[in-house]
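User: Can you walk me through this structure? I'd like to jump between topics.

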Amino acid sequence: MRSPGVSSSGSAAAVVDYMTPLALGTQHTASTTLPASFCGAFAFKPSLGFTEMTGSNILVPRLAHLGLLARSVDDLALFAGAFNPTLAELDPVERFPSPRIAFVRGSGWTNVTFDAATALKSLLSRIRVPIPELVLPPESDRAAEVTMGLLDAHLAFRFGGLPADDFAQLCSPLQAGVQNGKNMSAPRYLELDALADRLTALADRLFAEHDLLITLSTLGEATRLEDGPGSGVMSMPWSLCGLPTLSLPLLRGKQGLPIGLQLIGQKGRDRSLLQAGRLGRRRNQPNHLTPSLRIAMSPELSWSHSDPARPPIEVNGRVYRWPKRPTVVVCFDGCDPSYLQAASAAGVFPTFDRLRRTGYWGTALAAMPTFTNPNNVSVVCGVPPAVHGVSGNFYIDRETGREVMMVDATPMRAPTILAAFSQAGASVATVTAKDKLRKALGRDLEGIAFSAEKADSATESENGISDVQALVGRTTPDQYSADLSLFVLDAGVRLLQTRRPELMYLSLSDYVQHKHAPEEAEALVFMAEVDRRIGEFIERGAVVGIVADHGMSDMATEDGAPNVLYLGDAIDEAFGPNAARVVCPITDPFVRHHGALGGFVRVHLLRRDVEIATIAGFIRSLPGIALALPRDEACARFLLPEDREGDLAVIAEMGVALGAHREGHDLAQLAGQRLRSHGGLSEQTVPFILSHPLQADAAASVSGPLRNYDVFSLALNAVEV
């Protein structure tokens, strides 16, 4: 168990736990700043004399400050505006001049933890303006001594006359402070008070050449309960001198717990301090940042907790609330529900097994055809292919007759949820296994978007991030490996640790599912590794949603040979050559593990003498065919875009793969392995899992089958957090 801090810790905890958007505190030493750092809140301690303190518990008048706590700097400004209206609305960041910043250590620095110092050093290295170290005057080392001496004297004045029984009820530190105060002589008190005056005068001189000082809010992460509430030594000099401070929860320690970054302003320059606290708010939107400060600032410096006052985002006719916690949606490519069942039965799935009990556990229908591109795009757009226009990895343009392989966002007709949130100011990231999908899902995204496949070539200009291999701690994986998916998840965990995006989408690869059945050892090892990483997201406070783009079916005969119906060959034999063209929408640059064979194909008629009804009847008569639907019927039934559909949509029975012509499919690279693939109705049922349970009213309103593209709606709008 960890300490939430000192006296205003209840206010900090209430804000971070979403009990209230704003809370008051007080501060004589560190009573607002320290809890904010330990709990992960934003805190503003205004200049001394900012407002009347009547009604608060004033112990030492020259130390008594108001404390404000919230979940963003903008909220702090709004809150402060209730006391001083000039603070309520800050200037746009592009109109605010770059502050002159200096780093200070202070007398407590020798006790700062290594991980806290390292995190701050990393952050400072990313701020693209010079930040010299400002060495404080030697007398400043006595700030803690002066602060605690004055406090002890006033504690003795307040509580020293209590009856013995009442005094015994006080906590040990308070009793010790009272006793120290009783033992203090009048000359000693006057000495401390005079030294406080000198330190206050010295503090004013610190800003002769600097507008802003920067240091840590605390010595490190929240202390263990048995070790006490933590030390306020990093805040005492600024409280003693009446300077305004901000604590921003932008660093993380070795346990992943928050550590506050403390900004100190000149006395009376509270507005400038609040303004400076906003400079890094919109990560990866450099036009909104002061050019010379261009904070590529430890990306964490751009993160602020969700602001409940921000209006919901409407995308493609659906409304999404802002994340209350970092929200991670994972597209578990090819994860047929049978893989979950096998991993659970093997005892290697503790995180998912827990979610079955404590979160939301169900299934959903994937978009048809059950291929990678249509479903990933459906998930990030929140709508079916009829709206966003992507209905396969490969298709024929009906107007031009041109073959189109989807390798970027060109076929997309709808905006994504990710882009909409990023353009509204949210910190957003997406990581995909394959780069072709990254180019589509990152469409118009003002944030981070990179692939595991091309991790070694990510750049700030194209991907919003560079040096991904250093972030993840290992090299770019082989695109034909289980590690491609694990790299995506590891990158997501590191982004959550270091950059804390509000919204993140992770898309895996189905390499393992194509190669291995659910009960095979390789599949179980992979599922265990995924389970562990999902657990890390949840432990770090994220809301996690998990769906799949499709399931996976064995499409081989008993002897292990691919069970394929080459529909193009069958049509040629029955109607002659060039009667129709069979298109396999599963075709993409990564066909080694499935040979471009799946459960869904499109048929385009080429000859006028062949009627649709005739060829449809013939196809339906073939063994292994489940459906052969004319275009209008297929589009109405499966919500597909008509201009990208063939004359017929053909779907195989479970266990049967459809191909065009035998010579057009290279099966040599299956290397004797059983063909496992997808595309049809048999692979339409996929997992739908949330780390948190649904709100009661939301659970009651879920009727009929969910779709995998409902996941953002439920994760953002309907879970209990």
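User: What kind of model is it, and how are residues numbered?

Analyst: This is a predicted model: local features need pLDDT of at least 70, side-chain atom pairs count only at pLDDT 80 or more, and totals for chains, interfaces and linings use all residues. Residues are numbered from 1 along each chain as its sequence is written, and side-chain values use heavy atoms, with hydrogens and water left out.

User: What volume does the second largest pocket have?

Analyst: About 940 Å³. A pocket here is an open set of points on a 1 Å grid over the protein atoms alone, where a 1.4 Å probe fits, with protein on both sides within 12 Å along at least five of seven lines. The volume is the space filled by probe spheres set on the points, which are joined across faces, edges and corners.

User: How many residues line the second largest pocket, and which lie nearest its centre?

Analyst: The lining has 37 residues, and V6, S7, T29, S31 and L151 lie nearest the centre. Lining residues have an atom within 4 Å of a point. By class, 18 are nonpolar, 17 polar and 2 charged. Nonpolar covers Ala, Val, Leu, Ile, Met, Phe, Trp, Tyr, Cys and Pro; charged covers Asp, Glu, Lys and Arg; the others, Gly among them, are polar.

User: Which element gives the largest share of that lining?

Analyst: α5, with 5 residues. β1 (23–27), α5 (143–159) and α7 (172–182) each supply at least two. Helices (H or I, at least four residues) and strands (E, at least two) are DSSP runs, numbered from the N terminus.

User: New topic: S8. Buried or exposed?

Analyst: S8 counts as buried because its relative accessibility is 6%. Buried means under 20% relative accessible area, exposed over 50%, partly exposed in between (1.4 Å probe, protein chains only). S8 sits in the segment before α1 (9–16).

User: What does S8 contact?

Analyst: G25, T26, S31, T32 and P35, leaving aside neighbours within four places in sequence. Contact means heavy atoms within 4.5 Å.

User: And G230, where is that?

Analyst: In the loop between β5 and α9 (236–240). G230 is partly exposed, at 26% relative accessible area. G230 touches L34, F38 and T223, not counting residues up to four places away in sequence.

User: On to α10. How many of its residues are buried?

Analyst: 6 of the 8 residues in α10 (270–277). They are D270, L273, L274, Q275, A276 and G277. These pack against β2 (42–45), α3 (73–80), β5 (212–216), β6 (245–252) and β7 (258–265).

User: How does β6 pair with β7?

Analyst: β6 and β7 run antiparallel, joined by 6 bridges. L246 has L263 of β7 as its bridge partner. Two strands pair if DSSP finds at least two bridges between them. β6 also pairs with β2, antiparallel, over 3 bridges. As for cover, 8 of the 8 residues of β6 are buried.

User: Last one: how many disulfides?

Analyst: The structure holds 0 disulfides. A disulfide is a pair of cysteine sulfur atoms within 2.5 Å. For C171, the nearest cysteine sulfur is that of C39, 19 Å away. C171 is partly exposed at 45% relative accessible area.

User: What about C331?

Analyst: C331 is in no disulfide either; the nearest cysteine sulfur, that of C335, is 9.8 Å away. C331 is buried, at 0% relative accessible area.
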